[in-house]
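Hi,

Here is the structure we talked about.

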Amino acid sequence: SQQGEEDPQALSIQEGENATMNCSYKTSINNLQWYRQNSGRGLVHLILIRSNEREKHSGRLRVTLDTSKKSSSLLITASRAADTASYFCATDAMGGSGGSNYKLTFGKGTLLTVNP
Amino acid sequence: DGGITQSPKYLFRKEGQNVTLSCEQNLNHDAMYWYRQDPGQGLRLIYYSQIVNDFQKGDIAEGYSVSREKKESFPLTVTSAQKNPTAFYLCASRRRSLETQYFGPGTRLLVL
């Protein structure tokens, strides 16, 4: 089942602009993670935000989480051509003991194209 | 070099044939996962294993089988019962104490 749904499906911007991607999900989560995938490659973990956090930063990345709306956003500032990739959100649903249930559910991703 | 390796990079299957995809990790991770990715789609979980000699079905296990005889290895067999096997297959692993997953480079399976 696809819990996370990213929006938009595709985004094209110019180098130097900011890129914002959104993710919505359906059930209670332990944490939400963002991954990046270059074409034909494996995924690379970018950032994790826990259910009790509202905002997190890592370099040019800023993630927000609104558990009341069951949504998250990923902002990439001052984008570069090398940021061109697909970006996926993944939810770690709440397990029986309140922690991770060891599985991630991925959305369909946002394809970001940064034009030089 | 620590990491996850998948082989082969490309695999061709004939009708009615079983094929096995290899996944090996030297990260000493406890859990391992197999995902399927179709073009323009997200990842769907096929099987996962939290410990050696134990594994659970994911969302799309039909037509696939796995084994976990060693901590480092989690091979996936695509059986002849899987009628639409053409996809990109990704293996991942994680440490029990951390929630993030580490991915291999993937195997692209094509049907002849």
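Chain B and chain A bury about 1,800 Å² between them. Carbon and sulfur atoms account for 51% of that area. Three residues stand out on the chain B side: B:Leu43, B:Glu99 and B:Phe103 supply 28% of the area that chain B buries against chain A, more than any other three residues. Bear in mind throughout that this is a predicted model.

In residue terms, 24 residues of chain B are in contact with 23 residues of chain A.

How many salt bridges does the rule find across the interface of chain B and chain A? One. The side chains of B:Glu99 and A:Arg50 meet in it, at 2.7 Å from N to O.

Which strands of chain B supply the side that touches chain A? Strand S4 (31-37), strand S5 (43-51) and strand S9 (87-94) each give at least two residues. S5(B) gives the most, with five. Sorted by class, this side of chain B has 10 nonpolar, eight polar and six charged residues.

Next, the fold of chain B. The chain has zero helices and 11 strands.

On overall shape, chain B has a radius of gyration of 13 Å. That agrees with a compact globule, because one of 112 residues would have a value near 13 Å. The C-alpha trace spans about 40 × 25 × 25 Å along its principal axes.

Inside chain B, buried residues make up 49% of the 112 residues. Contacts reach across the sequence too. Among those between residues at least 6 apart, 53% join residues at least 24 apart.

Is B:Lys14 buried or exposed? Exposed: its relative accessible area is 52%, and the cut-off for exposed is over 50%. B:Lys14 and B:Leu110 are 96 residues apart along the chain, yet their C-alpha atoms are separated by 8.8 Å.

Best wishes

Notes
Residues numbered from 1 in each chain as written. Chains lettered and ligands numbered in written order. Predicted model: local features only at pLDDT ≥ 70, side-chain atom pairs only at ≥ 80, totals over all residues. Heavy atoms only, no water. Contact = heavy atoms within 4.5 Å. Buried area = accessible area lost by both parts, 1.4 Å probe. Salt bridge = Lys/Arg side-chain N within 4 Å of Asp/Glu carboxyl O. Helix = DSSP H or I, 4+ residues; strand = E, 2+ residues; numbered from the N terminus. Nonpolar A, V, L, I, M, F, W, Y, C, P; charged D, E, K, R; others polar. Rg over C-alpha atoms; globule rule 2.2 N^0.38 Å. Buried < 20%, exposed > 50% of the residue type's maximum accessible area, 1.4 Å probe, protein only.
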